[in-house]
Amino acid sequence: MSALASAHSMLNSGSLKARMAMTSILGAVSFTVIIALILMGLGSSYWMVIAISVATYATMGLGLNVVLGYAGLLDMGYAAFFAIGAYTSAILTVNLEWNYFLSIPIAIIVTGLAGIVIGYPTLRLRPDYLAIVTIGFGEVVRTAFNNWQYVGASRGLYPLPNPELFGFKFDTPDLQLLLTAVLLGLVIAFVNRLGISHIGRAWRAIRDDDFAAEVVGIPTLRLKIGAYVMGGAIGAVAGAIFASRSVAIDPSNFTLFVSVQILMIVVLGGLGSVRGVLLAATIFVVLPEILREVQEYRTLIFSLLVIVMVKYRPSGLIGERVSPDAAALPSLNAVGSGDTATVAEPPGPPEPVELPGKEPRVARGEALLRIEKVTQQFGGLTALDDVSLTVRSGEVLGLIGPNGAGKTTLVNAITGVRKPTSGEIWLGDEKLTGTKPHRIAKHGVARTFQAIRLFPQLSAIDNVIAGEYQAAHLGVVDALLRPRRERRHQAETVERAMALLDQLGIADSALRTPAELSYADRRRIEIARALASDPELLILDEPAAGMNPSEKRDLVEILRSIADRGIGILLIEHDMPLVTRISDRAAVLDQGRMIALGKPDAVLRDQRVIDAYLGSASKGDDDGSA
Amino acid sequence: MDTLLQTLVSGLTVGSFYALVALGYTMVYGIVRLINFAHGDLVMVAAFIGWFVLDRTPVGDLPPVPQIAIAAAISISATVLISLGLLKFIYRSLINYPLGFMIVALSVAFALQEIIKRVFGAGDRAYPPYTISTESIDLLGITVNRMDLVVIGLAASLMIGMLYFVNRTQTGMAMRALAVDHDAARLMGINVKALIAVAFGIGAALAAVTGVLSGVYYQRIGFEMGFMLGLKAFTAAVVGGIGNVAGAMVGGLLIGVLEAGVQGYLSGTWSDAFIFGTLILVLYLRPRGLLGERVAEST
């Protein structure tokens, strides 16, 4: 019950309301402007300049937070975006004599384009290479500005004009602070909106396990580029803020060290936490101003703080809220209202979850998945040898075979994880071979993994919601500009996810993370996540492993009800009695070849199958001694 | 023709330094698949320890060869101890949290720089002037610095030693097994924890050799010398094929020659941009590096 209690407390917490308020542009801008006005009231231009500096670092931190905190991409050359933004603004205002305010959107666009150019080739690589490539990118950009005569090479660009709007000049520290506050407020609102949007959720899934995210239907490459570009665009805003209050800019403003400082701010504040980044940026800038000693030892102190923080408090000063959707859990309240909802209670009679109507691809009982002469070779090893198999809609097909027979290899071929050497796989009239995993998930194929791959930092319900991503008909514009549409979508997805969790008997664990749950419950969440994508074909890779007899009985019931809805199930399982009980047909793989197909008990009596399991000399009982 | 050959020789010298540091990267990466951003700064720390021994202790009164040998031995031991200490107290618990590991390693790099800056000052320090590092000899018609030959020769013998270690000794083979499959290696009775320490230790020893050698070669050392060196060495390891010992050497020499070439024929200020440009190009066209990586594919 503690999960429910915490859900209620989160529901009622003031901080959550504050967070929702900060997604409103008006709310966030008033927040920053009020702080600016208070500082202006104090009248010290010294502290106003410091405040502008805080805002510059905070803006950069928020931008890097999108890249690193939300999407988990280690960008170590973030200053490059800052530089491109500042230089674009400066070139337009100094060399071309544009108005400062017109230069901001151009700076954002140019930086975004740079993000695409560098992100597209590198973000498909292993994530750790990104760190080194982004350092390289940062150095290349700085070197380029350092040698480019048009922008004054190492001397830089000066004098930068004061921003001017309809003849009104922002030429004093208090006016510049006001302008900065408005820009920072906008950035806060947008970053908060991204964070709670369907895109923010998908980013967190990618951060936790990008392979699993791709397989459950999240277009990982596109979303990583999106994070990189949007984070870069915010860096451009920081560059524009910097250009607005500076007399000159030169390449020494954009060194690797700046990138490292921003990185430290994000890590200290808390990956993914907007408030944490704001707090850390304030500490980072203000503390050395108050304490001279800190100024001298700033780098050492902050380096050591980062080490201690990552080791002992990886969530940072203010941790990211794990489940921001608690506010929208009406069905959780409904489930919890009866005090009988305990872990021991068997799942109620599985009721089909109402899913948004999608025309089934094929009629009930027709061939849904067609595997045609698929061969998979790894070097000299033939893992699958000319395998053909059909799964009909509404049937449970048990796929069995000794360890190493090629079962998981076949699943990987179907789900696009590895393209087969030859052969074709079709779902209805859609060819799956050669398609990316997230597209295959969108076509209606969902799977679970033999070794459970849940998103470890996401709650159970957020794990399930990740599976719904590909059904979302929303885009970036909705995430940024239509919070109401996002919220409505969120309410729907939460409700569906709760219903799925309820159906699998784990509704009251909705807010727990996988680590807090039993092995069997983790398997159930994986099944719920797979079902969340509204699949036509469900592939389960040893779903009963680690379950006790009564849990297995529940599983059989659940799978039966799923199949009765017209979903085809391909079930890999070593538990032979379970396979016999549930399967309409069974197929046997041995050493990459299909050796038997038919009614489960007939197949298990087949001599070739017995030989495959027990060796050819012996005759034995077929009770699944795999 | 002369300048081309001379550029080649100085490229091979710089490349030897890169290759030695790249070896350390590649061994650690091969096992734990993590980038230790502080590795380059171990070179810097080692250079300062060597300088301290030569400049501030009676060792400096000995003849050149024994004093360098003693300074190197002390520097190697101290650097290995520092590296193992960092592994034990800081890195070990983060090995399963790659993002945290890399961020922490980066912070360690900057902390090391700051500590050295505090202890030895922000200005450069000078190694004693050895005649060998300025003497030039005539080799096949071109004049080369004798020290170039020493660096290239020493690096080459260390690399051959590493190849032998990885391919012929039991520990080396265990490391390669570990690079392919952690779990299987563990089941075969391989002590993963100890091997990680061996990789860190060897990497640190090679970094220390590089540090002292570059002090003797360039004479000037500073607290900022390590970080960029480390990044370029990692680039070299990736270009050659990460996890691949031979690849680290080829990559290191290649990056060194590229750098010397750009500096000699184009412009000094652009050389870093060229190196990282090469990295991006290699990763795009041949992500497994020139010689192919030895790290098992993970899903």
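Q: In which helix of chain B does A199(B) lie?
A: This model is predicted, so local features need pLDDT of at least 70, side-chain atom pairs count only at pLDDT 80 or more, and totals for chains, interfaces and linings use all residues. Residues are numbered from 1 along each chain as its sequence is written, while chains are lettered from A and ligands numbered from 1 in the order in which they are written. Helices (H or I, at least four residues) and strands (E, at least two) are DSSP runs, numbered from the N terminus. A199(B) lies in helix 8 (residues 192-218) of chain B.

Q: Is A199(B) buried or exposed?
A: A residue is buried if 20 or more other C-beta atoms lie within 10 Å of its own, exposed if 12 or fewer, and partly exposed in between; C-beta atoms are placed from the backbone. A199(B) has 24 other C-beta atoms within 10 Å, so it is buried.

Q: Which residues does A199(B) touch, not counting residues up to four places away in sequence?
A: Two residues are in contact if their C-beta atoms, placed from the backbone, lie within 7 Å. T26(B) is 173 residues from A199(B) in sequence, but 9.3 Å away in space, C-alpha to C-alpha. The residues touched by A199(B) are M27(B), V28(B), I31(B) and M175(B).

Q: What radius of gyration does chain B have?
A: The radius is taken over C-alpha atoms, and the globule rule is 2.2 Å times the number of residues to the power 0.38. For 299 residues, a compact globule would come out near 19 Å. Chain B agrees, with 19 Å.

Q: Which helix of chain B gives the most to the side that touches chain A?
A: The contact joins 33 residues of chain B to 32 residues of chain A. Helix 4 (98-120), helix 9 (225-240) and helix 11 (271-285) of chain B each supply at least two residues of that side. With 13 residues, the most comes from helix 4 of chain B.

Q: Which elements do the buried residues of helix 23 of chain A pack against?
A: In helix 23 of chain A, L555(A), I558(A), L559(A), I562(A) and A563(A) are buried. They are on the same side of the helix because they cover an arc of only 135° around the axis, the arc being that of the directions from the helix axis to the C-beta atoms. P549(A), S550(A) and D564(A), on the other side, are exposed. The buried residues pack against strand 5 (396-400), strand 9 (537-541), strand 10 (568-572) and helix 24 (576-582) of chain A.

Q: How far apart are the end C-alpha atoms of helix 21 of chain A?
A: The expected span of a helix is 1.5 Å times one less than its number of residues. Helix 21 (residues 483-503) of chain A has 21 residues and should span 30 Å. Its end C-alpha atoms agree, being 30 Å apart.

Q: Which helix gives the largest share of the side of domain 1 of chain A that touches domain 2 of chain A?
A: Chain A is divided into domain 1 (24-254) and domain 2 (367-614), with bounds from an automatic or database domain assignment. Their contact takes 22 residues from domain 1 of chain A and 28 residues from domain 2 of chain A. On the domain 1 side, the largest share is seven residues, from helix 9 of chain A.
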